[in-house]
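Please find below a colleague's note on the structure shown here.

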Amino acid sequence: MSRKEAEMIFKGLCIRGKGSPIPPIIGALLALAICCHTLVSPVGAAEEPYEYPFADPYAATVIGTPKELQAEVPQKIPLREPEVAVFEDRPVPDILWYDRKLRYSIATQRRPAPLIFLIAGMGAGHNDPKIQFLQRVFFKAGFHVVCLPSATHPNFIPAASGSGIPGFLMEDARDLYRAMELIIRDVREDVAITGFDLAGYSLGADHAAFLAELDNRLGQFRFNKVLLINPPVSLYHAAGVLDEMIKKIPGGEEKFQEFFDNAFRAFTAIYQSNERVEFTGDFLFRGRKPNDENLAALIGLSFRLAVANLAFTSDVFTNAGYIKPKNLELSTTDSLTDYFKVADLVKFLDYFRDLLAPYYLEQIPGMTEQQLIEQLSLRSIEQFLRNSPSVYLVHNVDDLLLAPGDINYLKDVFGSRARIYPRGGHCGNIDHRVNVAHMLEIFKGETTGGSTGTTAPDSEGAAGAGKEMKPGAEPGEQTQTALLSREAAPPLRDSGGPRNEAFTAPRPAVISTGMVSGQTGARNPETSAKGTRQIIAPRRSEAKPGLSYVIDVHDPIEPVNRALYRFNAMFDEYLFLPVTRAYEFITPVFLQDRISGIFANISEVRNLLNSILQLRPKTSATVFTRFLVNSTLGIGGMWDPATDLGFPKHEEDFGQTLGWWGLKQGPYIMLPIFGPSSLRDTTGLVGDSAASYFYLYQPTDMDQNIGAGSAYTGGNAIDTRHNIPFRYYQTGSPFEYDLVRLLYKKKRELDIAR
């Protein structure tokens with residue numbers, strides 16, 4: 001019950017009208033009881049019973065919402081993943097070649113509709129699982145939906161960040177605002193937009209708040225509604241909390257490498273090759289149990305990976321000399337493994353102290369470090385949030401990133417616009433059906449749109465909210481220069497426009513030569529006095545005795561492998577994926593599934609042969625039964641009744657067979673088109689291909705009929721690519737090659753161990 005409703009009842013009960021059956025004294029007592037209940041009830045708290053099983057905020061954060069409590073959303077929506085050039089002529093280091101343009105995703109309705117921008121959380125991309133879920137929610141509700149990466153995502157830094165050093169919320173908001181304007185200009189001819197909305201989660205919620213405040217002054221979008229989902233009140237405090245979680249590793253930080261190895265091994269145990277992996281988010285959370293005592297440390301590790309991506313990308317782009325030696329130009333064939341070892345030791349507060357603070361304190365004369373910290377908080381725009389009827393909040397009492405008193409502060413600022421749930425950790429209940437219903441109620445409710453603040457924006461520079469944006473119409477009259485005028489925000493020198501010269505940020509004086517400030521155990525790569533390119537690995541003598549680096553994989557031809565990784569990315573983007581998308585476009589989903597089933601059924605012959613060679617009679621019997629059942633009842637594999645009958649699929653290949661008999665993986669190899677492999681697995685691939693000649697191509701005469709053989713091989717390749725969601729460089733991580741290599745190694749170890 002709201003306070004307003006309580007006041008109305010109070011007056012009705014206290015003022016005894018003619019014919020009222022309630023005696024005055026009883027009416028007064030009832031009114032007093034109602035008002036007391038209203039005053040002690042949390043403002044904006046969920047009034048209905050809230051069914052969420054995890055009282056432990058760590059478990060809630062990692063495990064999320066059980067499936068039976070999740071909101072139902074469509075699994076597939078019409079989705080595009082285009083790119084936008086924010087700075088046309090900006091030079092980007094060669095090692096970051098894949099981040100010259102900003103990647104985003106858009107799902108559009110076939111009719112005029114409002115468009116909602118969704119901003120991802122710390123280090124997350126436009127394809128992070130949380131933002132993908134929200135995208136499906138709002139698309140189902142009738143919105144056009146644009147998903148943007150976090151301003152701290154590695155793709156955003158070279159592609160769209162004005163400074164190259166994200167983390168200053170006001171400047172991040174201006175960078176996002178610029179990108180959003182350009183996206184609208186790109187899509188306006190194809191999409192009929194009737195208004196704009198905005199939402200973000202975690203750090204993305206903080207960015208959404210600052211975007212709303214910026215738009216209140218510039219009036220480019222005039223957001224109808226803005227929703228902040230689990231925002232930290234203070235980014236500085238929240239980052240400090242997350243930094244400290246790594247200390248919860250059993251045995252302390254000295255066991256970091258062992259914990260890292262175990263975390264990857266646990267993830268690999270449930271990872272399937274047809275799953276998408278994001279190395280910037282919470283992919284390590286998958287499959288965790290509520291009683292896992294390492295959940296807090298796991299959150300810290302996930303955050304540490306995101307910070308490593310952030311710090312290294314920012315350092316390379318600005319040439320700050322923080323992790324990479326200043327003025328050293330890395331090529332796409334240079335190893336980044338040693339840089340990962342250094343970057344993985346960097347905390348967010350190190351990044352703040354050594355890169356972010358020195359840069360912005362120089363850019364904003366007179367500002368102190370404490371004042372900068374205060375700017376990294378919702379408190380810095382409190383007046384706007386307090387007086388903006390269209391800005392809403394959803395949060396959890398047990399959110400890990402809040403300081404004591406933050407919940408009461410948010411209740412006071414947002415009042416009835418806040419919905420506070422009793423549990424859910426940090427974004428753990430974002431997909432809960434009650435949460436989703438409330439989000440949709442906010443955006444689909446009767447509250448009218450308009451500016452999110454009390455100051456009316458210049459109507460001549462705004463796209464009229466609630467009016468259809470017709471093809472060819474400009475979203476606003478203001479130019480990019482006006483959007484980034486010094487009158488709109490504190491003065492920042494050289495931070496708002498495209499750079500035609502080589503972009504360089506000053507190297508902070510607090511960084512000691514050759515070492516990450518405040519860190520031990522890993523030395524920065526350096527160049528010799530003569531300027532020769534020399535990359536020095538972390539010195540083991542400076543580390544704890546016996547320390548081994550999990551990221552190390554035997555890769556003697558790494559420059560060649562990295563070059564092939566880039567070749568595969570180019571081949572995939574410009575040939576393989578376009579052909580696959582054309583196949584998906586012209587082939588009905590029902591038929592795609594039937595074709596995939598046929599190819600999968602044929603592969604059972606390979607599985608059977610290798611399970612026999614491994615002397616595993618039980619597996620062999622299961623595979624043979626699957627092949628027999630699916631070939632008959634499943635009509636050649638178009639359906640899979642065998643799984644329903646209790647005969648699960650087993651993937652076996654000759655590489656696993658060689659490993660079963662004791663042959664080691666050998667050197668890592670990146671195969672053209674095929675992707676990650678090893679010397680043993682490449683030998684296995686040749687063996688499987690030779691076997692398929694005798695059990696498939698020869699019996700069907702495809703060895704003689706070149707056309708039929710080529711059609712089968714090409715169809716199988718397209719179907720395989722169709723079923724693999726992995727996209728090169730979609731993670732945005734500069735260490736993607738290293739992490740893919742590690743994941744492949746771990747997966748093959750577990751394949752053979754099974």
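A crossing of two helices is called left-handed if the near helix is turned anticlockwise from the far one by less than a right angle, and right-handed if clockwise. Helices (H or I, at least four residues) and strands (E, at least two) are DSSP runs, numbered from the N terminus.

1. Basis of the note. This is a predicted model, in which local features need pLDDT of at least 70 and side-chain atom pairs count only at pLDDT 80 or more, while totals for chains, interfaces and linings use all residues. Residues are numbered from 1 along each chain as its sequence is written, and side-chain values use heavy atoms, with hydrogens and water left out.

2. Helices α19 and α24. By the convention above, α19 passes α24 in a left-handed crossing. The axes (lines fitted to C-alpha atoms over the stretch in contact, with angles from 0 to 180 degrees between N-to-C directions) of α19 (residues 589-613) and α24 (residues 706-722) come within 10 Å and cross at roughly 110°. The two helices are therefore roughly perpendicular, a term for angles of 65 to 115 degrees; under 35 counts as roughly parallel, over 145 as roughly antiparallel and the rest as oblique. In contact terms (heavy atoms within 4.5 Å), Gln592, Ile595, Ser596, Phe599 and Ile602 of α19 meet Tyr712, Gly715, Asn716, Asp719 and His722 of α24. These residues divide into four nonpolar, five polar and one charged. Here Ala, Val, Leu, Ile, Met, Phe, Trp, Tyr, Cys and Pro count as nonpolar, Asp, Glu, Lys and Arg as charged, and the others, Gly among them, as polar.

3. Helices α10 and α12. α10 and α12 pack with their axes 9 Å apart, at an angle of about 20°, and are therefore roughly parallel to each other. Phe303, Val307, Leu310, Ala311 and Ser314 of α10 make this contact with Phe348, Tyr351 and Leu355 of α12. The contact has seven nonpolar residues, one polar and no charged ones.

4. Glycine 142. This residue lies in the loop between α4 (129-140) and β6 (144-148). Glycine 142 counts as buried because its relative accessibility is 11%. Leaving aside neighbours within four places in sequence, glycine 142 contacts Gln109, Arg111, Ala113 and Pro114.

Note on methods: Buried means under 20% relative accessible area, exposed over 50%, partly exposed in between (1.4 Å probe, protein chains only).
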